[in-house]
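New notebook page. I want the overall build of this chain first, and then a look at one residue.

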Amino acid sequence: DFMLATAQSSYDAFKNGVKKDGVIVIEPNLVAPSDEDRASFKIYEIPIITIAKYEVGNVITQSVVALAIAVGLSRCMDSGLVKEQMLRSVPEKTRALNEKAYDLGMKYAREVFETE
């Protein structure tokens, strides 16, 4: 199981749908899991909004950062194909920014596996 939450309300509403020891990625600046949650799930703190705002340079790219993190951590889809399709679906003028956001999301997903 896998879940990604950037808001406390969505985290609280959907966390019980994740099986014990399932993976939950949270935006640590906006979501605060309980100690009980930390014992029940594998919780990874990745500052998605901070990455989008300060590393990519545009907070609107947070959904692309989150997409890449989800793809990278779940390993359920080919990351290159997802990136290619995402880039096809965004306006030409935003492709470079969205590509940077996707690449940074994948970088942070890889870092989770490196620290385990």
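I start with a term: I call a residue buried under 20% relative accessible area, exposed over 50%, and partly exposed in between (1.4 Å probe, protein chains only). By that rule, 39% of the 116 residues of the chain count as buried.

A note on what I am looking at: this is a predicted model, where local features need pLDDT of at least 70, side-chain atom pairs count only at pLDDT 80 or more, and totals for chains, interfaces and linings use all residues. Residues are numbered from 1 along each chain as its sequence is written, and side-chain values use heavy atoms, with hydrogens and water left out.

Next, the elements. I find 6 helices and 3 strands, in the order β-α-β-α-β-α-α-α-α from the N terminus. These are DSSP runs numbered from the N terminus: helices are H or I with at least four residues, strands E with at least two.

Then the size. The C-alpha atoms fill a box of roughly 45 × 25 × 25 Å along the principal axes.

I also looked up contacts, meaning heavy atoms within 4.5 Å. Among those in the chain with a separation of 6 or more, 35% are between residues 24 or more positions apart.

Last, Arg75. I find Arg75 in the loop between α4 (62-74) and α5 (79-89). Is Arg75 buried or exposed? Arg75 is exposed, because its relative accessible area is 60%. Leaving out residues up to four places away in sequence, Arg75 touches Ala70 and Phe113. I also checked Lys53, 22 residues from Arg75 along the chain: their C-alpha atoms are separated by 25 Å.
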